[in-house]
Amino acid sequence: MAIHYELVKRCSKTGARAGRLYTPHGVFDTPIFMPVGTQATVKAMSPDELKAMGAGIILSNTYHLYLRPGHDLVAEAGGLHKFMKWDGGILTDSGGFQVFSLGPLRKITEDGVTFRSHIDGSKHFLSPEKATEIQMALGADIIMAFDECVPYPAEHDYAKKSTERTTRWAERCKTAHTRKDQALFGIVQGGMYKDLRTMSANDLVSLDFPGYAVGGLSVGEPKALMYEMLEHTVPLLPDNKPRYLMGVGTPDCLLEGVMYGIDMFDCVFPTRVARNGTVMTSRGRLVVKNAEYARDFKPLDPDCSCYACRNFSRAYIRHLLKTDEIFGLRLTTTHNLHYLIDFMKNMRKAIIDDRFLDFRREFWEQYKTR
C-alpha cells in the first residue's frame, strides 16, 4: 500500500492523537497542516523555503491543473513532483469542491459534472473516472475520490441524494484507480445531518479506502455546527487510518479538529490572507497593513522564530505592503505558513507529553478570534 498510518500516542482525555504517515515521498508526523499549492506552487514560496520551515505534504488542485497546463503535460514532465521540483509528499484534491463552487456554471448528473471553465468559458465534463485519470497522471502520493460537496444550508432530501451519489462515485473512482504507488482516499459527506454522516461513513468504510477525509464542512456553517459534525463523524472512521479535514486552516479550528481526532488539514486561508496584509499570531490575527503599525518596530509575533519575525518589524512589512512590494507578500506568507506548521508541531508534542488539554487552555487564554 502506498500509504500507511502509525498511531504514536493518543490523548488520555480527548480524541487527539499523534501519528506518523508513511508515503512514497517521506514519513510525516501528524497532526499536520498541508500548505496549498493550487497551481503546482505555493504562492510566493519556493520548494526550498517550504522545506526549511518544515512543510511535509503540500496540496495541488486537480481542477486548475486539468485546465492549465493540462495533466498530460504534467505526466510528460514526469509527474507533479518533478514538474514543481518538490520531493516531499503531495496530495491532490479531486476537483469536486472547485466544480461545486462554480454554481450556475455547472450541472450535476449521475454520470458526472458538466461545467464551464472560469478562465475562458469553455465546456468540460468531469466524471469520477476522469477525475481519477487526471490524478493518476499528476502522480500525487494521495488522491481524492470525486465527490459532490453538499452546500450549506441544504434540505435533508437533497443532502441524502447527494451523499448517496458521492458513495456511488467513490466506488467508480476505486474501480478506475490502478496506480499502486498512490493512495485513494474516500470523502465522507452528509451535510449537517448526523444520520447522513453516519450513512456516508459506514458506506465508505465498507469500501476499505486507505484513508478518509471529512468533506462538506467549513462551507459557511457556524463553527459550533462544524465541531458537532466532527464529534459525531470521526469516531465512525477506522482508528488505524489517517483522517483528513478538508479546507480548514485557522489556528482555532485546527486545535479543535485535532481534539476530535483529525490528523491532516489543508486550507488556502493562511496564504490568501497574507497577501491581504493579515498575519496569524499567538494572540490572534493582526492586520499589519493598518495605520496603527506604521511606527511599530516589534516583530509580527514576538513568540515566532520565522525568517520574517527574526529580521523585520511590523513597520517595515507594512511599508512593503503599502508600496506593493512583492517582498512584503513573501514575508507575510512565510510567517503564516511557519506559524501554522510550528503550531501543529507544538500540538503534537503536547499530545505525546499527555498535556493536550493544558495546551488547548493556554492557547485560548491568549488567542482572540476576530
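One of the residue pairings here links Tyr212 to its bridge partner in β13, Arg243. Keep in mind that this is a predicted model.

Zooming out, the two strands belong to an open sheet of eight strands with parallel pairing, in the order β4-β14-β13-β12-β11-β10-β6-β5. At the edges stand β4 and β5, each with a single partner strand, so one side of each has no neighbour in the sheet. On average, neighbouring strands are turned by 25 degrees against each other, direction ignored.

Here are some of the strands, with their residue ranges:

| Strand | Residues |
|---|---|
| β4 | 32–35 |
| β5 | 57–61 |
| β14 | 264–267 |

Now for the packing. Helix α14 lies across β4 and β14, and runs at about 160 degrees to β4. What does the largest nonpolar core look like? It has 81 residues, and Phe265, Phe343 and Phe356 are the ones with the most contacts inside it. Helix α14 (residues 326–352) gives the most to this core, contributing nine residues.

Phe343 deserves a look of its own. Leaving out residues up to four places away in sequence, Phe343 touches Pro251, Leu254, Leu255, Phe359 and Phe363. There is also a second, separate core, this one of 20 residues, including Met34, Val36, Phe185 and Tyr244.

Notes. Residues numbered from 1 in each chain as written. Predicted model: local features only at pLDDT ≥ 70, side-chain atom pairs only at ≥ 80, totals over all residues. Heavy atoms only, no water. Core = buried A, V, L, I, M, F, W, Y, C linked by side-chain atoms within 4.5 Å. Buried < 20%, exposed > 50% of the residue type's maximum accessible area, 1.4 Å probe, protein only. Helix = DSSP H or I, 4+ residues; strand = E, 2+ residues; numbered from the N terminus. Contact = heavy atoms within 4.5 Å. Pairing = 2+ DSSP bridges. Axes fitted to C-alpha atoms, helices over the stretch in contact; angles between N-to-C directions.
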